[in-house]
Amino acid sequence: MDIISYTKEELENLIVVLGDKKYRAGQIYEWIHKKHVTSYDEMLNVPKALKEKLAEIAPMNAPEIVTFQESKIDGTRKYLYKLYDDSVIESVFMRYKHGNSVCISSQVGCRMGCRFCASTLDGLMRNLSAGEMLMQIYGIERDTGERVSNVVVMGTGEPLDNYDNLIKFIKMLSDESGINISQRNITVSTCGLVPKIDELADEDLQITLALSLHASNQAKREALMPIALKYNINDVVDACKRYFDKTGRRISFEYSLVSGQNDTAEDAAELSHLIKGINCHVNLIPVNPIKERDYVAPDRSAVIGFKERLEKNGINVTIRREMGRDIDGACGQLRKKYMSKVGEEDEDSRTNG
Ligand code: SAH
């Protein structure tokens with residue numbers, strides 16, 4: 001396990017086992033989770049012998065920033081990180097009036113297969129560790145010199161498909177002896193793994209659950225999201241109700257509008273009926289087209305029309321501000337582009353060599 005993924009207690013146990021003083025754990029934890037160092041060398045008050053022993057058992061494995069793109073429209077930055085095993089992942093930094101927000105990835109790739117999503121095209125490579133999720137935020141704070149106050153787990157991957165690491169990540173992220181981000185400022189987005197939503201509701205966390213609904217009925221959801229074949233839309237919505245009942249946290253329903261697929265007046269009516277009476281908020285996202293599929297977003301007036309229909313039915317709705325549209329903003333697009341470029345270079349070197 002990488003040292004970044006150790007909780008303070010786990011670190012204390014490790015250090016005691018290695019025959020050193022318990023208080024060293026606090027020092028090391030602070031270097032990593034408050035000062036955001038990326039190597040043992042930077043931990044100035046920790047003895048060299050201990051650092052060498054630790055580096056063997058629990059390497060630092062800090063993700064490195066390979067590149068970033070900055071939007072000329074709104075300053076959004078999309079970062080590409082390389083992990084210790086050469087996998088690449090994306091994270092996004094967004095500036096809002098209420099503070100800075102980072103969108104992190106939870107897996108390398110994804111196996112959920114949503115039709116409109118670029119992150120799932122090559123399937124799942126592996127889960128990210130709690131440390132690899134934390135370091136996406138620490139690296140961005142270091143790079144921008146700005147404090148991050150909100151975290152959304154809405155990048156590549158299905159967070160509830162990497163459940164244990166996700167829970168550990170949330171606890172460490174909101175730990176007072178670390179970066180100390182309030183759980184109320186953390187959102188986890190899921191395509192709807194029903195048993196995991198129930199498990200999450202029992203964790204006694206104050207995070208927001210965002211449910212990727214994207215359709216108003218079972219047949220339409222199946223056409224966009226293969227996970228709907230496993231969990232029926234009504235069961236998913238019921239799980240969200242239970243989540244609210246247990247946690248008191250308002251549900252956020254994500255709805256990517258796809259022209260001709262889920263954006264009609266009947267869809268708006270059916271959706272209103274489906275979520276009626278739930279303490280929730282609907283986030284409309286005009287679909288971000290990917291070149292591998294021919295889905296397109298409805299035009300602006302149709303998006304506004306859809307919003308107004310929901311509002312007439314008493315539903316809270318916002319249209320997601322499309323941050324960084326000029327920088328391969330859609331989930332997984334920068335990573336995909338980078339990987340195909342690296343692939344081409346490999347081929348070139350083969351033909352040349
Ligand atoms: N697996 C999780 C989180 C990652 S995706 C989930 O499904 O919620 C984050 C959000 O972006 C989801 O709502 C997803 O459906 C949406 N999304 C992915 N690709 C998109 C695209 N091309 N256009 C619009 N929304 C997209």
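The legends below describe close-up views of a predicted model. Local features need pLDDT of at least 70, side-chain atom pairs count only at pLDDT 80 or more, and totals for chains, interfaces and linings use all residues. Residues are numbered from 1 along each chain as its sequence is written, and side-chain values use heavy atoms, with hydrogens and water left out.

**View 1. The shell of residues around the ligand.** Around the ligand there are 17 residues, each having a heavy atom within 4 Å of it, and those that come nearest are Gly157, Ser189, Ser212, His214 and Asn288. By residue class, the shell is made up of seven nonpolar, eight polar and two charged residues, where Asp, Glu, Lys and Arg count as charged, Ala, Val, Leu, Ile, Met, Phe, Trp, Tyr, Cys and Pro as nonpolar, and the others, Gly among them, as polar. At least two residues of this shell are supplied by each of strand E8 (186-190) and strand E10 (251-257), strands being DSSP runs (E, at least two residues) numbered from the N terminus.

View 2. A polar backbone atom of Phe116 is 3.0 Å from a nitrogen atom of the ligand, a polar contact being a pair of N or O atoms within 3.5 Å. Oxygen atoms of the ligand are involved at Thr190, whose backbone N or O atom lies 3.3 Å away, and at Cys191, where the distance to a polar backbone atom is 3.4 Å. The protein buries 93% of the 530 Å² that the ligand exposes when taken alone (Shrake-Rupley method, 1.4 Å probe).

**View 3. Packing of helices H4 and H5.** Helix H4 (residues 130-144) and helix H5 (residues 163-173) have axes 8 Å apart and pack at an angle of about 45°, helices being DSSP runs (H or I, at least four residues).

Technical notes:
Polar contact = N/O pair within 3.5 Å; in protein donor to acceptor, adjacent residues only side chain to side chain. Axes fitted to C-alpha atoms, helices over the stretch in contact; angles between N-to-C directions.
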